[in-house]
Amino acid sequence: MNPIQEYFFRIDEPARSTLLFIRKKILESDELITETLSFGLPFLKYKKKMLCYFYYSKQHQKHYLSFYHGDRVDYPELLSEGRKKFKILLLDMDEDLPMELIFNILEEVKTYIK
């Protein structure tokens, strides 16, 4: 098992399956999106530059997707919480996944990646 798989398999269900689903859909959405492990976290990159990463908020007790260049996009669902370049989207495992929102944010964020 590679380190990225190990990261996800340390997460309990149903969050693991949910995060793996989101990861798979993002990776399949664009051939220029790749995956790497940075700072012990699974990062998704676009044209080999940071796009987003998965993590868990102890404060909110929820997993989230953090978007690079999030400071440049305006979505009320995104939280900055003092971050300079990133904004996070909290993922509620008890609700439907906001896949359309995730892809809208990704498409907008990709326009800022040179």
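Lys-47 sits in the loop that joins strand E2, residues 41–46, to strand E3. I begin there, with the reminder that this is a predicted model. The backbone of Lys-47 has a positive phi of about 55 degrees, although the residue is not a glycine. Lys-48 is found in that loop between E2 and E3 as well, and its phi, near 65 degrees, is again a positive value in a residue other than glycine. Why draw attention to this? Most residues other than glycine have a negative phi.

How accessible are these two lysines? Lys-47 is partly exposed, its relative accessible area being 42%. Lys-48 counts as exposed, because its relative accessibility of 73% is over the 50% cut-off.

Let me now follow the chain into strand E3, which covers residues 49–57 and includes Ser-57. Is Ser-57 buried or exposed? Its relative accessible area is 7%, so Ser-57 is buried, the limit for that class being under 20%. Which residues does Ser-57 touch, once its neighbours within four places in sequence are left aside? They are Lys-62, Tyr-64 and Leu-90. As for polar atoms, one in the side chain of Ser-57 lies 3.4 Å from the backbone nitrogen of Gln-59.

Between Glu-13 and Pro-14 the peptide bond is cis, with omega near 5 degrees. By way of context, most peptide bonds are trans. Pro-14 is placed in the loop between helix H1, residues 3–9, and helix H2.

That brings us to the packing of H2 itself. Helix H2 spans residues 15–29 and helix H3 spans residues 99–110; their axes come within 12 Å and cross at roughly 45 degrees. H2 is therefore oblique to H3, since an angle of that kind falls between the roughly parallel class, under 35 degrees, and the roughly perpendicular class, 65 to 115 degrees. The crossing of H2 and H3 is right-handed.

Which residues make this contact? From H2 they are Phe-21, Ile-22, Lys-25, Ile-26 and Ser-29, and from H3 they are Met-99, Ile-102, Phe-103 and Leu-106. By class, the residues of the contact between H2 and H3 comprise 7 nonpolar, 1 polar and 1 charged.

Methods
Residues are numbered from 1 along each chain as its sequence is written. This is a predicted model: local features need pLDDT of at least 70, side-chain atom pairs count only at pLDDT 80 or more; totals for chains, interfaces and linings use all residues. Side-chain values use heavy atoms; hydrogens and water are left out. Helices (H or I, at least four residues) and strands (E, at least two) are DSSP runs, numbered from the N terminus. Buried means under 20% relative accessible area, exposed over 50%, partly exposed in between (1.4 Å probe, protein chains only). A polar contact is a pair of N or O atoms within 3.5 Å; within protein, one must be able to donate a hydrogen and the other to accept it, and residues adjacent in sequence count only if both atoms are side-chain atoms. Contact means heavy atoms within 4.5 Å. Axes are lines fitted to C-alpha atoms, for helices over the stretch in contact, and angles run from 0 to 180 degrees between N-to-C directions. Angles under 35 degrees count as roughly parallel, over 145 as roughly antiparallel, 65 to 115 as roughly perpendicular and the rest as oblique. A crossing is left-handed if the near helix is turned anticlockwise from the far one by less than a right angle, and right-handed if clockwise. Ala, Val, Leu, Ile, Met, Phe, Trp, Tyr, Cys and Pro count as nonpolar, Asp, Glu, Lys and Arg as charged, and the others, Gly among them, as polar.
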